[in-house]
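This briefing covers salt bridges, strand pairing and a disulfide in one model. Please look at the sequence and the structure first.

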Amino acid sequence: MNTRMQRRAGAATVEFALVVVAFMIVLLGIIEMGRTLFLFNSAAEATRRGARTATVVALNSPDILLDMQRIMPDLTAEQVSISYLPANCTTDTCAYVQVSLLGYTVRPMFWDMAPIVMPPFLTTLPAESLGTD
């Protein structure tokens, strides 16, 4: 009887170990997916905020990137593109401002995988004062 109880305890320990491993993989996957979705939302919000800032400051102001970096601190100037439409417009003739985010990568936190390159994010807003009073 005693050996039978020991076998059951050993089987329960093995089953527990298998379930815990599977549970941890699922849990870490959920955390990683939530983090990735958070970064996607942050990128969309950063382009929206950058475009909003670009509509009220001077053409190609460094404040645009600084405002975007408040949401995503690791953004670089190479990843951000600012366009004023129509092309070659001046402060008085610009109708729209486009801010896009290209080449931003998400590095997985728990897995040894290649970084995920985010799709491009683009926000277009009508130009307002463009830094004029």
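Asp67 is buried, with a relative accessible area of 10% (buried means under 20% relative accessible area, exposed over 50%, and partly exposed in between, with a 1.4 Å probe and protein chains only). The model is predicted: local features need pLDDT of at least 70, side-chain atom pairs count only at pLDDT 80 or more, and totals for chains, interfaces and linings use all residues. Residues are numbered from 1 along each chain as its sequence is written, and side-chain values use heavy atoms, with hydrogens and water left out.

**Salt bridges**

- Side chains of opposite charge can pair when their charged atoms come close.
- The structure holds five salt bridges, where a salt bridge is a side-chain nitrogen of Lys or Arg within 4 Å of a carboxyl oxygen of Asp or Glu.
- Asp67 meets Arg70 in one of them, at 2.9 Å from N to O.
- Arg70 is exposed, at 62% relative accessible area.
- Arg49, Asp67 and Arg70 belong to one network, joined by salt bridges that share partners.
- Another salt bridge links the side chains of Arg35 and Glu32 (2.8 Å, N to O).
- Arg35 and Glu32 are three residues apart in helix H1 (residues 2-54), so about one helical turn separates them.
- Glu32 is buried at 7% relative accessible area, whereas Arg35 is partly exposed at 25%.
- Glu128 forms a salt bridge with Arg52, and their closest N and O atoms are 2.8 Å apart.
- Because Glu128 lies in the segment after S5 and Arg52 in helix H1, this pair ties together parts that are 76 residues apart in sequence.
- Arg52 is partly exposed, with a relative accessible area of 38%.

**Strands**

- Helices (H or I, at least four residues) and strands (E, at least two) are DSSP runs, numbered from the N terminus.
- Two strands pair if DSSP finds at least two bridges between them.
- Strand S1 (residues 80-85) and strand S2 (residues 96-101) run antiparallel and are joined by six bridges.
- Ser83 has Gln98 in S2 as its bridge partner.
- S2 also runs antiparallel to strand S5 (residues 121-126), again with six bridges.
- Ser100 stands opposite Leu122 in S5.

**Disulfide**

- A search of the whole structure finds one disulfide, meaning a pair of cysteine sulfur atoms within 2.5 Å.
- Cys89 and Cys94 form this disulfide, with their sulfur atoms 1.8 Å apart.
- The torsion about the S-S bond of Cys89 and Cys94 is about 75°, so the disulfide is right-handed.
- Cys89 and Cys94 are both buried.
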